[in-house]
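Please examine the sequence and the structure before reading on.

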Amino acid sequence: MIIPIIRTAITGLRRDRASLALSFILPIAFFTIFAVIFGGQHNSTARIKVILVDEDHSSASLDLVRGLQCESSLAVSTRPASKDKKATPLAEYTAATAEAAVKAGDAPVALIIPKGFGQNPISFGGDSSAPQIQLLNDSSDMIAPQMVSGLLQKAAMTAMPVTMAEKGMQYTDQYIGGFTPEQRKRMDNNLDQLRQLKSQQEKASTAPASSGSGGMIAVKARSVVGTDKRSPMISFYAASIGVMFLLFTATGSAGVLLDEAESGTLDRVLSSRVTMTSLLAGKLIYNTLLAFTQLAVMFLWGWAVFKLDLFTHIPGFLVMGLCTAFAVAAFGMLLASICQTRAQLGAISTLLILMMSAVGGSMFPRFLMPEAMQKAGLFTINAWAIDGFTKVFWRDLPVQQLWQQVSVLLAVGVVLFVLARRIARRWEIA
Amino acid sequence: MSASSSLPMAAPSSPTPLEIDSLSKRFGEVTAVDGVSLELGAGECLGLLGPNGAGKSTLIRSIVGRVRPDAGRVSVFGFAASSPEARAALGWVPQELAIYPRLTCKENLAAFGRYHGLSGGKLAEAVAWCLDWAALTDRAGDLEKNLSGGMKRRLNMAAGIIHRPRVVLMDEPTVGVDPQSRNRIFEMIEALRDKGAAIIYTTHYMEEAERLCDRVAIIDHGRIIAQGTNQELVHSTFASRSQVVARFANPASETGAWVEQHAGRLVDGSAEFTIERSTQIAGLLDDAAQAGLELLDVTLRRPNLESVFLHLTGRELRD
């Protein structure tokens, strides 16, 4: 009697494509997404973007810049990327533009090598006169500044051997009483050999080979974004979790259309003065307002419990909230119009929303993902919404700076709604 | 409901409430409606009688503009079926309970009233009238899910006439309703008809058609196979003949040949014969006795719509 039970269950599952998809496709899709995010595939962990400003232009600073540029885990840029590759390269970053770029989210870290660094690059023994390299960072990314700081010390040890040796001699002179003429002559010979070796290495263009201990270079780290935030990352999580649940709510709410079609209510409504376009538009507006209210409640909760700065960002919240709500409402309408039954809608929406949320940054910050995955995220509503809310709540950017996110979300909403309207023709008349 | 209380609509281009001309609709290989022509006068109730799958609902949905016919024409007071004028003049009570389960009776009626363009005082008046018509005034604040089956049906009907249409299409409105509620529904329909509404009433219950309808159109396999008043249909099919229904103690295997020999047929174990004169009964019973059949009872019956349907199609209405 057990076998027939199993057979019946298997037959049922085979006919229930929605359950099949949820049982097999979703886990595989999730496994793949997270495997790619965490670099399990092709060692494609994201390189940390670093903006580098060399105000010194000394031999030591140039060595350090080259050393950092050779670091495979860093993506060092000294000037803003030009959109048109054939155009004249843009001017190099300055301390001010680098700080602005970190604030705008172009890179999580900027390093500024100050004037005079080359004269006194090493800070043995807590030498307070050594010019300090400034490390500007976005405090939403706690990993990047730590990594850059460590790699900076490594680069100093491996890319500036001559400077290190010269500085070592200076300290010996200063604290031990200097070398004998014989010792000095041998040191100078060794230094010449070291210079020749370095020159040969540069010609061979290889990366520095060894690593050393940290603390040689004086670094002064300063957060330029998020320092005044009472509860860092709350706005990020409110947006990322909020968008994911908005997608679920909007899809569920749009599913009422399927209930009405099944019960015959839709037919009856369409036999009145109501047209399909006005019916869908009405539902779209309702679902947009519902999604926006849900978002507002979530942010209010964040304000009340986690000290989220909601009331100082009202215009940005309204703009991003309404645009996001519109896009997710249209997404729900499209799914509801495509699906034949509520069960089908439930399965497909779960599959799509969880995948969009994983890739789009609702489950894991996009800036920690490999670059390809970050680009893939741009095909999701989540990514654009989270980027917009981050601009508002984290970077304190004005509403005008949201034009990209607003344009994309509105365009997505319009396109999805037009598609939903076309597909809904199946309900209009038999 | 009086004509004066109806919604304002464009001047009719035809005085006839509903005209259907050679209407056909196919779904793939199946012809659901096959060249149907009908006409409905003001204040008239036309019964559309046919078994399940005969094409009644498709015909109704074509009239209300929810099915696009492959051929033929439907006009409501001279306007095309899907035109705004026709929509304003038509009221549709679908077979399904097409109402909002999470709204109260009053809210449901108000919602459908708004969909038909009612607002303010007119909407409130229409809702109150419909609640009264459906005897739901005391349940106005109850959710649909808390109503009995009969009440739900009445609410479903009221939602179809909230805009006070002049032509009402009722698609089997008594499905699944107990006899008491059915009587209440009959009274509602009679009240509507008395107020001058033209009604098409689909059913596969012969007794409903006999009670409510001025005329009956019998539909089978998508075609109207006969139409007229109840008497006209019976007379044209049976003239002055009557039906004799005899039950025998013998099994059908023994009676079948004898019944066929006497131009009768077996229906649900009873033998049915059509006779010209009542004096033929005695001869029929003598023959049965001589054939060794043991008679249990015999009934003389005037033919009715069910007999007409059976005669015309060879099938019972509820097959």
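What percentage of the 430 residues in chain A do buried residues make up? In this predicted model, the buried residues amount to 37% of chain A. The secondary structure of chain A consists of 17 helices and five strands. When contacts in chain A between residues at least 6 apart in sequence are considered, 80% of them join residues at least 24 apart.

Chain A is divided into two domains, with domain 1 covering residues 48-225 and domain 2 covering residues 230-428. Where these domains of chain A meet, eight residues of domain 1 are in contact with six residues of domain 2. On the side of domain 1 of chain A that touches domain 2, three residues are nonpolar, three are polar and two are charged.

Leaving aside residues up to four places away in sequence, A:M333 touches A:A254, A:L280, A:K283, A:L284, A:L416, A:F417 and A:A420.

Helix α12 (residues 314-338) and helix α15 (residues 381-393) of chain A have axes 9 Å apart and pack at an angle of about 175°. The two helices, α12(A) and α15(A), are therefore roughly antiparallel to each other. From α12(A), the residues A:G316, A:F317, A:M320, A:T324, A:A327, A:V328 and A:F331 take part in the contact, and they meet A:I381, A:A385, A:G388, A:F389 and A:V392 of α15(A). The residues of this contact between α12(A) and α15(A) comprise nine nonpolar, three polar and no charged.

A:E71 is found in the loop between α3 (59-69) and β2 (74-77) of chain A. Is A:E71 buried or exposed? A:E71 counts as buried because it has 22 C-beta neighbours inside 10 Å, the threshold for burial being 20 or more. Beyond residues up to four places away in sequence, A:E71 touches A:L151 and A:A155. By contrast, the C-alpha atoms of A:E71 and A:T249 are separated by 45 Å, these residues being 178 apart along the chain.

Attention now turns to chain B. Chain B contains eleven helices and 14 strands, and 41% of its 319 residues count as buried. Taken along the principal axes, its C-alpha atoms fill a box of roughly 80 × 45 × 35 Å. Among the contacts in chain B with a separation of 6 or more, 70% are between residues 24 or more positions apart. The domain assignment of chain B gives domain 1 (3-234) and domain 2 (242-302), and the C-alpha centres of these two domains of chain B lie 42 Å apart.

Within chain B, helix α1 (residues 56-63) is largely enclosed by the rest of the structure, because eight of its eight residues are buried. These buried residues of α1(B) are B:K56, B:S57, B:T58, B:L59, B:I60, B:R61, B:S62 and B:I63. Just after α1(B), B:G65 takes a positive phi of about 85°.

Helix α3(B) is itself mostly covered, with eight of its eleven residues buried. The buried residues of α3(B) are B:C105, B:K106, B:N108, B:L109, B:A110, B:F112, B:G113 and B:Y115. Their covering includes α10 (265-270) of chain A, together with α4 (120-133) and α5 (149-160) of chain B. Just after α3(B), B:G117 takes a positive phi of about 90°.

Key: Residues numbered from 1 in each chain as written. Chains lettered and ligands numbered in written order. Predicted model: local features only at pLDDT ≥ 70, side-chain atom pairs only at ≥ 80, totals over all residues. Axes fitted to C-alpha atoms, helices over the stretch in contact; angles between N-to-C directions. Helix = DSSP H or I, 4+ residues; strand = E, 2+ residues; numbered from the N terminus. Parallel < 35°, antiparallel > 145°, perpendicular 65-115°, else oblique. Contact = placed C-beta atoms within 7 Å. Nonpolar A, V, L, I, M, F, W, Y, C, P; charged D, E, K, R; others polar. Buried ≥ 20, exposed ≤ 12 C-beta atoms within 10 Å, placed from the backbone. Domains from an automatic or database assignment.
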